[in-house]
Amino acid sequence: MPHGLEVRGLAKSYGGVRAVDGVSFAAAAGRITGLVGPNGAGKTTVLNLLTGVDRPDAGELLLDGRPVETRQPHRIARLGIVRTFQSARVFPNLDVLDNVLVGADCGRQRDGATERARELLDVFGLGARARDRAADLSSGAQKILELARLLLARPKVILLDEPAAGLSEHETQRLADTLVAARDAGLTVLLVEHNLRLVMGVCERIVVLDAGKVIATGSPEQVQADAAVRQAYLGGQRVAG
Ligand SMILES: Nc1ncnc2c1ncn2[C@@H]1O[C@H](COP(=O)(O)OP(=O)(O)OP(=O)(O)O)[C@@H](O)[C@H]1O
């Protein structure tokens, strides 16, 4: 059984702010791991450090037990670790199908790419929009399109930065179904998300950050019952289920 992604002692300060302060956790292979926490907890910074968008002050990243030495975003992507951003990055003037096919070039998976791209669009509910310009999709649909493009390249690990933000309830359900299907096909997922209903519904394990530190790790049930999580993250309220 491969390990998936492991983060050890990750740290990053901006001026006097310790945005990420000695963070260690694992995202097991073939599982969906949630990374949650209140605003400013350091979640996006973790994703930026893992994908080479920003440089850590300290820390190690391991993929399937092997250290990832490079800090260059394109090399990290070539190892199979890819990410989405809080706002979708699509090619507005390309149509929806061609947007997905860009992922085939990134992943060098051209054989059968068009067929697979169409399948992905169907799974995501965008099949009927294949020839529409990406710019004409809603912002939620653009996020789903970005995800389809990334999946076409068959990554090992996908890091998602608030994929449900701006999605309708229906789109969020599609997203959940697709993440579960991708996981069942072997994908390792790290999900940064404020929609706790989604997180609790699809994640096997959840890592909770507060003020740059991991304050809890466990199953959705364990995390919901954790006093430190309630205090820091929810001000004592019950975690939405
Ligand atoms: N480039 C930067 N320069 C200065 N400070 C930064 C920078 N990036 C992040 N920070 C600070 O680091 C801390 C963590 O921010 P980060 O965006 O990682 O949190 P987050 O958990 O993703 O929050 P949110 O849920 O609101 O997106 C915050 O105090 C933020 O202001």
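The dialogue below takes up the domains, then their interface.

Guide: This is a predicted model, in which local features need pLDDT of at least 70, side-chain atom pairs count only at pLDDT 80 or more, and totals for chains, interfaces and linings use all residues. Residues are numbered from 1 along each chain as its sequence is written, and side-chain values use heavy atoms, with hydrogens and water left out.

Visitor: Which residues form domain 1 and domain 2?

Guide: Domain bounds come from an automatic or database domain assignment. Here domain 1 is 1–80 + 157–241, and domain 2 is 90–155. Their centres, taken over C-alpha atoms, lie 24 Å apart.

Visitor: How many residues of each domain are in contact?

Guide: Contact means heavy atoms within 4.5 Å. By that rule, 17 residues of domain 1 meet 15 residues of domain 2.

Visitor: What is the area buried between the domains?

Guide: The size of an interface is often given as the accessible area lost when the parts come together. That loss is computed with a 1.4 Å probe and summed over both parts. Domain 1 and domain 2 bury about 1100 Å², with 69% from carbon and sulfur atoms.

Visitor: How many salt bridges cross the interface?

Guide: The rule asks for a side-chain nitrogen of Lys or Arg within 4 Å of a carboxyl oxygen of Asp or Glu. Across this interface it finds 0 salt bridges.

Key: Buried area is the accessible area (1.4 Å probe) that two parts lose on being put together, summed over both.
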